[in-house]
Amino acid sequence: MTRIAELLLAAAISIIFLLLVFVPMEKVFPAKKGQKIFRRHWVLDLCYLLGQYLLWSGLVLWVLNYFSFWMDGLVPAKFRALVKSQPVWLQAVEVLFFSDLLIYWGHRLQHKVDFLWRFHKVHHSSEHLDWLAAHREHPLDSIYTIGLINLPAFVMGFQLEALAAIVAFRGIWDIYIHSNVRLPIGPLKMLIGSPELHHWHHDIERDAGNYANISPIMDKLFGTYVCPPQEPEQYGIKEDFPKTYVGQMLKPVVPGWLWKKLGEKRKAGTSTKIEISS
Amino acid sequence: MKYAKIIKPLTLMMFFCLVAVFIIYRTGGLNKYILKKEAAMQTSPNGGTLKTAKLDSLLKLRKSIPPKKKHILYSSKSAIMVDESQIIPDSLEKSYRLTPYRRHYDSTQIFYPLRQRKLMPDTTKKDTLKIKKP
C-alpha cells in the first residue's frame, strides 16, 4: 500500500472511531441541546482533521524530532545522568508536572502576546464546540504547543514510552474536553479537566481563564480557574477572521498590511464583477 | 423516562470502553491482534521495533540501528490514531539523504556514527573501514 493510501486509511479509521466515541455522548449528554452534528462550518473542521492526518502531523513531528535530537546534544550529560539516577516514578512525576506548568504558562502567553495569538486564534475561531472543532489548529501553533508539552521530557531525556498509557489518555481526553458534552463529574473536576471547564476557556472573551487543558490544578494555583454553572453564551473570537481553510492557514503568516491589500483587491474585483453583470 | 435510564448508562459504558480500547491500542496491547508486520510502538528500551517482515539486507541493516524516535505528548487537537513511527524515520532519512551535510550547521550530533557514515557520499563509493591505517 502506498504511503498516501495508508494515511487515508488511518484518517478514515480515526474518523469512524472518534464518531463512535463522541457522537453518542454528544447526543445523550449534550452541553448545547440544539447543536446538530452537521452544524455550521463542520466541513471546515473536517478539513482541519484531514489536514492534520494527511499533511501537517508528519511535518510537526519531523520538526519536534529534529528539536529533540538538537536538545540531546545541548543538555549536559551530567544533568541527564543526575535525572536518570532518580527512580522512574519520580522522573515521570517531574515530567508531567513540568509539562503541565509549561503548557499552562505557554497557553497564557498565547492569549496575551499578539504574535502568538495570531496563530492560536485559529483554534478559538470556532463558534461551535464539539469533538471535530477540537482539531481546528494552525500547524505552527501545534509545533509551539506540542514542543512545550514535550520540552521537559526532551531536556531530561525521559523516554515517554514509560508513560504510554498516560500519553494516550491525555490525547483522547483533550478531544473530549472540546466535545459538546456536559457530564458533571463532581469533585473529580478539580483533578481532571472536563468540557464544562474548557468550554469557558472558549468563551468569546480572549482571556476567559481555564488555561490548563488536562488538570485544572495549575488554574487553581495561579487563580485562573473559572467554573460558572451554565454554558457560555457564545464561543469564538471578537475579531474578523476568514471562514475558509486556506484563509485561516494563510492569515496568521501573512503580514497585516499585505492581508489588507489582498482584501482590498479582492473586494475591488468583486465590485467590478457586480458592475459588469448589472 | 425508562428509555433514558437505559440509554445513559449504556452510552457511558460504551464511551469508557472505547477510551480504554484506544489506550490499550496506543500502548501496544493490541499489536498481536491487529498488526502483523511491526509493533505499533517501541517495545525495547533502545527504541527498536518488533520486526517480522521480510526485508532486503540494506533495509535490515538500516532498521538494526536503533531509531532515535521519541514518543511525544500531544496537544489538545492531535490524538493521532496512526503510528507516526512509520512516517518519521523514513521522512527524516529521506531529508538527510538529500542534504547529507545538513548535520554540520550546528554542533549537535543528530545521527549515530554508523548512520552518519552511511549518509556521507564518499563512503558510498569506498569502504572506509577497509582502508589500512598508515
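Q: How are H4(A) and H5(A) oriented to each other?
A: Keep in mind that this is a predicted model. Take the axes of helix H4 (residues 88–112) and helix H5 (residues 114–124) of chain A: they come within 6 Å and cross at roughly 100°. Angles of 65 to 115 degrees get one particular label. So H4(A) and H5(A) are roughly perpendicular.

Q: How many nonpolar, polar and charged residues are there in the contact of H4(A) with H5(A)?
A: From H4(A) come A:His107, A:Leu109, A:Gln110, A:His111 and A:Lys112, and they meet A:Asp114, A:Leu116, A:Trp117, A:His120 and A:His124 of H5(A). Sort the residues of this contact and you get 3 nonpolar, 5 polar and 2 charged.

Q: Which helix gives the nonpolar patch its largest share?
A: On the surface, A:Trp105, A:Leu188, A:Leu191, A:Ile217, A:Leu221 and A:Phe222 form a nonpolar patch with about 580 Å² of accessible area together. A:Leu221 is found in helix H9 of chain A. With 3 residues, the largest share comes from helix H9 (residues 217–222) of chain A.

Q: How many residues apart in sequence are the parts that A:Arg170 and A:Asp100 tie together?
A: Side chains of opposite charge can pair when their charged atoms come close. Here the side chains of A:Arg170 and A:Asp100 meet in a salt bridge, at 3.0 Å from N to O. A:Arg170 sits in helix H7 (residues 164–176) of chain A and A:Asp100 in helix H4 of chain A, so the parts that this pair ties together are 70 residues apart.

How values were computed
Residues are numbered from 1 along each chain as its sequence is written. Chains are lettered from A and ligands numbered from 1 in the order in which they are written. This is a predicted model: local features need pLDDT of at least 70, side-chain atom pairs count only at pLDDT 80 or more; totals for chains, interfaces and linings use all residues. Side-chain values use heavy atoms; hydrogens and water are left out. Axes are lines fitted to C-alpha atoms, for helices over the stretch in contact, and angles run from 0 to 180 degrees between N-to-C directions. Helices (H or I, at least four residues) and strands (E, at least two) are DSSP runs, numbered from the N terminus. Angles under 35 degrees count as roughly parallel, over 145 as roughly antiparallel, 65 to 115 as roughly perpendicular and the rest as oblique. Contact means heavy atoms within 4.5 Å. Ala, Val, Leu, Ile, Met, Phe, Trp, Tyr, Cys and Pro count as nonpolar, Asp, Glu, Lys and Arg as charged, and the others, Gly among them, as polar. Patches are made of residues with over 30% relative accessible area and no salt bridge: like charges are joined within 9 Å, nonpolar side chains (Val, Leu, Ile, Met, Phe, Trp, Tyr) within 5 Å. Accessible areas come from the Shrake-Rupley method with a 1.4 Å probe; for residues, only the protein chains shown count as cover. A salt bridge is a side-chain nitrogen of Lys or Arg within 4 Å of a carboxyl oxygen of Asp or Glu.
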